[in-house]
Every structure is written in C-alpha cells, then in structure tokens.
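Please keep the sequence and the structure in view while reading.

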Amino acid sequence: MATIGPPLGLPFDIPDFTISGVLPPFLGLTPTAAAAMSPYPTTLARIASKLCASNERKEIFRGLLRYRRELANVGLSDGFQWLSGSFMEDIETLETRHPRDVDLVTFCHRPVTATNDVAWQAFTTANMSLLAWPLVKPV
C-alpha cells in the first residue's frame, strides 16, 4: 500500500491546497493518524517557502515575524501558534484577490516574571497592545 502525502514526522512540509483552495483536514485515505491531521506542525522557513510567493504575502509574513519578535521580547516565547485565515488558503484562486492578513492563536507559558495572578494581571495590562485582538489587528 502506498503512502499518500508527505512522510509523517515533525515538522513536515505543508501539504498542497485541495481543489477547494484550502489545506486538507488530513493526509492519506482516512483521518486515523493524529500526526497526519490538521493543524500541521511546521517551521517558519517552510511557511515562507510555501506561502510567500507574492509581495503581499511576503509583507503579511514579515508582519507575523515582527509580532512574534514582540511577543518574545516581553517573555512570551515558550509555546506555539495556530495560523489560519486567507493567508493559509489559495485565496488568489478562490476570490481573485490577495490575502489581507493572517489569523493566529498563540498558546504559550506565562513569562517567568508573571507566575502569580497579580503579576500576570500586571503583565497583561502592560502588554495589552500585543494581547487584545482589536489592538493587534484593527478592523
């Protein structure tokens, strides 16, 4: 039996878009292997290589890198992110336009300076411009 899609392991290449213009929900014939299901673990280098063909996509990616750097600068660096939205779709084919942004959810540990509730409240208040989506991503 042949294996369909990239070899399993962390990280692996981002799969090709489906004929619907989105990433497939799973690789292979059935969704039985958790490692072959979305979300796909990958690297920033692989995202850049796969999804940054146009100048508009490159600019969105540079913004993502700036945001990640800002998070790391305040101590939010131990975690992972889920990426979604039109940046992660073949929106150019689906809607004949460039992606406008990248949607993301960040999962991370509290910085070592904010381990108790009082310190965490102070941290979130001081860094609201990085944590509140209306400030990070104005509509």
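The structure is a predicted model.

**Helices α1 and α2**

- Helix α1 covers residues 44-51 and helix α2 covers residues 55-73; their axes are 10 Å apart and the packing angle is about 165°.
- Because an angle over 145 degrees counts as roughly antiparallel, α1 is roughly antiparallel to α2.
- On the α1 side the contact is made by L44, I47, A48 and L51, and on the α2 side by R57, F61, L65 and R68.
- Sorted by class, this contact of α1 with α2 holds six nonpolar residues, two charged residues and no polar ones.

**Aromatic pairs**

- A pair of aromatic rings is described by how far apart the centres are and by the angle of the planes.
- The count of aromatic pairs in the model is three.
- One of them is formed by F80 and F107, which are stacked, with 4.8 Å centre to centre and 20° between the planes.
- F80 belongs to strand β1 (residues 79-84) and F107 to strand β2 (residues 103-108), so this pair, 27 residues apart, links distant parts of the chain.
- F80 is partly exposed, with a relative accessible area of 47%, and F107 is also partly exposed, at 32% relative accessibility.
- W120 and F123 form a stacked pair, because their ring centres are 5.4 Å apart and their planes lie at 15°, an angle under the cut-off of 30 degrees.
- Both W120 and F123 are in helix α4 (residues 117-126), where three residues, about one turn of the helix, separate them.
- W120 counts as partly exposed at 24% relative accessibility, whereas F123 counts as buried at 9%.
- F80, W82 and F107 together make up one aromatic cluster.

**Residue Q81**

- Q81 is located in strand β1.
- Its relative accessibility is 18%, so Q81 counts as buried, the cut-off for buried being under 20%.
- Beyond its neighbours within four places in sequence, Q81 is in contact with L64, Y67, R68, L71, L104, V105 and T106.
- R68, one of these contacts of Q81, is also among the α2 residues that meet α1.
- Q81 and P41 are 40 residues apart along the chain, and 9.6 Å separates their C-alpha atoms.

Notes. Residues are numbered from 1 along each chain as its sequence is written. This is a predicted model: local features need pLDDT of at least 70, side-chain atom pairs count only at pLDDT 80 or more; totals for chains, interfaces and linings use all residues. Side-chain values use heavy atoms; hydrogens and water are left out. Axes are lines fitted to C-alpha atoms, for helices over the stretch in contact, and angles run from 0 to 180 degrees between N-to-C directions. Helices (H or I, at least four residues) and strands (E, at least two) are DSSP runs, numbered from the N terminus. Angles under 35 degrees count as roughly parallel, over 145 as roughly antiparallel, 65 to 115 as roughly perpendicular and the rest as oblique. Contact means heavy atoms within 4.5 Å. Ala, Val, Leu, Ile, Met, Phe, Trp, Tyr, Cys and Pro count as nonpolar, Asp, Glu, Lys and Arg as charged, and the others, Gly among them, as polar. Rings of Phe, Tyr and Trp (its six-membered ring) pair if their centres lie within 6.5 Å; planes under 30 degrees apart count as stacked, over 60 as edge-to-face and the rest as tilted. Buried means under 20% relative accessible area, exposed over 50%, partly exposed in between (1.4 Å probe, protein chains only).
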